[in-house]
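Here's a quick tour of some side-chain and helix contacts in this model. Have the structure open as you read.

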Amino acid sequence: MRKVIAAFASIAAAFVLAGPAASQARAELKPAFHPTKAVTIVVPYSPGGGTDAVGRLMAKALEEMWGQTVIIDNRTGGSGSVGAAIVARAPPDGHTMVLAVSGIAINGHLMKLPYETTTAFAPVTVVAYPVATLIASPTLPANDLKELAALVRKEGPDKRTFASPDPGSRLIAERIFEKAGIRLMNIPYKGAASFVGDISAGRVDTGLSSVTSGLSLINAGKLKSLGIMGTQRIPALPNVATFKEQGFEGLDENSWAGLFAPAGTPPAVVAAIQQDIAKVLATPEFKAKLVEYGSLPGGPTPAEFTERFQRDIRESGETIRRLGMTAE
């Protein structure tokens, strides 16, 4: 975890101290949104994780653009639902938002929430698409998903294990195994702090991780990557094939880290914030650093993000019911 934090600290440093040319380019970014006081971005996960680091990077850039303080407020618990609930109750004026991952679309199917997921938020935009990878212990006798599928078919279902630190990760892993026609035994974890280390140590065979979280151990040979989500390989893992390349269809979409305002926020305010974030995401230094560490830049319009968000709510519910998943 310290390596992940250090890596993202270097991203922030590079963005903030990228030199006169970068500073001049940022100074020329004209804001569409004009906050009248400090803006709070609630990150409903622990400090030091990938979403927190991306949020802090974006907050710094928006602070410079807007000329107002942008605060990152970590409010953990309930797989992101604690922080999301705070924003659902906040004044709908664009000054309080939540940066949440795809799991926010899943929580309502697995737990009782103090808000209605489909109507409590105004989706603003996706900040980043963290590329997901199926990681494995170095001792696992399989080097990609095709070999894992052959191994599980030979040994039988539920002989091999996979770790899941949250419902969203489990859901994507189950989709991968479903496409491969195999079944592994789920080992649930409370958060992401220890599951990557347990896979590296061989206590669990596989698990789904963002490339960001697993990259240092993969590069050190302490983890394997059996494949990545998406339609093309990424610079961070140039030798790792996509699942599509391996012959498994329907695994093209990565999860997202998206920004939400409270429902009722004026559409013009939501659109203005999205436009400002898109400007930041288009800057070469911001885009390059996201890609370098295994994420792809976002920037869809509020309408496009709303469509994806509502589809994820619907499709995750269908998958959860089909698999018989329950809160763990």
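## Two crossing helices

Let's begin with helix α6 (residues 145–155) and helix α7 (residues 167–180), whose axes come within 10 Å and cross at roughly 70°. Axes here are lines fitted to C-alpha atoms, for helices over the stretch in contact, and angles run from 0 to 180 degrees between N-to-C directions. Helices (H or I, at least four residues) and strands (E, at least two) are DSSP runs, numbered from the N terminus. That makes α6 and α7 roughly perpendicular to each other (angles under 35 degrees count as roughly parallel, over 145 as roughly antiparallel, 65 to 115 as roughly perpendicular and the rest as oblique).

Which residues of α6 and α7 meet? On the α6 side they are L145, L148, A149 and R153, and on the α7 side I176, F177 and A180, with contact meaning heavy atoms within 4.5 Å. Sorted by class, the contact of α6 with α7 has 6 nonpolar, no polar and 1 charged residues. For those classes, Ala, Val, Leu, Ile, Met, Phe, Trp, Tyr, Cys and Pro count as nonpolar, Asp, Glu, Lys and Arg as charged, and the others, Gly among them, as polar.

## A note on the model

This is a predicted model: local features need pLDDT of at least 70, side-chain atom pairs count only at pLDDT 80 or more, and totals for chains, interfaces and linings use all residues. Residues are numbered from 1 along each chain as its sequence is written, and side-chain values use heavy atoms, with hydrogens and water left out.

## Salt bridges

The structure holds 14 salt bridges (a side-chain nitrogen of Lys or Arg within 4 Å of a carboxyl oxygen of Asp or Glu). One of them joins R56 to D52 at 3.0 Å, N to O. These two sit 4 residues apart in helix α3 (residues 50–66), so about one helical turn separates them. R56 is partly exposed at 39% relative accessibility, while D52 is buried at 4% (buried means under 20% relative accessible area, exposed over 50%, partly exposed in between, with a 1.4 Å probe and protein chains only).

E245 and R233 also form a salt bridge, at 2.9 Å, N to O. Both lie in the loop between β9 (224–228) and β10 (257–262), 12 residues apart, and the pair links distant parts of the chain. E245 is partly exposed at 47%, and R233 is partly exposed at 37%.

In helix α12 (residues 302–323), R311 and E315 are 4 residues apart, about one helical turn, and their side chains meet in a salt bridge at 3.8 Å, N to O. R311 and E315 also belong to a salt-bridge network with E253, R308 and D312.

## Aromatic pairs

Now for the rings. Rings of Phe, Tyr and Trp (its six-membered ring) pair if their centres lie within 6.5 Å; planes under 30 degrees apart count as stacked, over 60 as edge-to-face and the rest as tilted. By this rule there are 11 aromatic pairs. W256 and F305 make an edge-to-face pair, 5.2 Å centre to centre with 85° between the planes. This pair links distant parts of the chain, with W256 in the loop between β9 and β10 and F305 in helix α12, 49 residues apart. W256 is buried at 0%, and F305 is buried at 1%.

W256 pairs with F309 too: the ring centres are 6.1 Å apart and the planes at 75°, so this pair is edge-to-face. Since F309 lies in helix α12, the pair ties together parts that are 53 residues apart in sequence. Both W256 and F309 are buried. Ring pairs link Y115, F121, W256, F260, F305 and F309 into a cluster.
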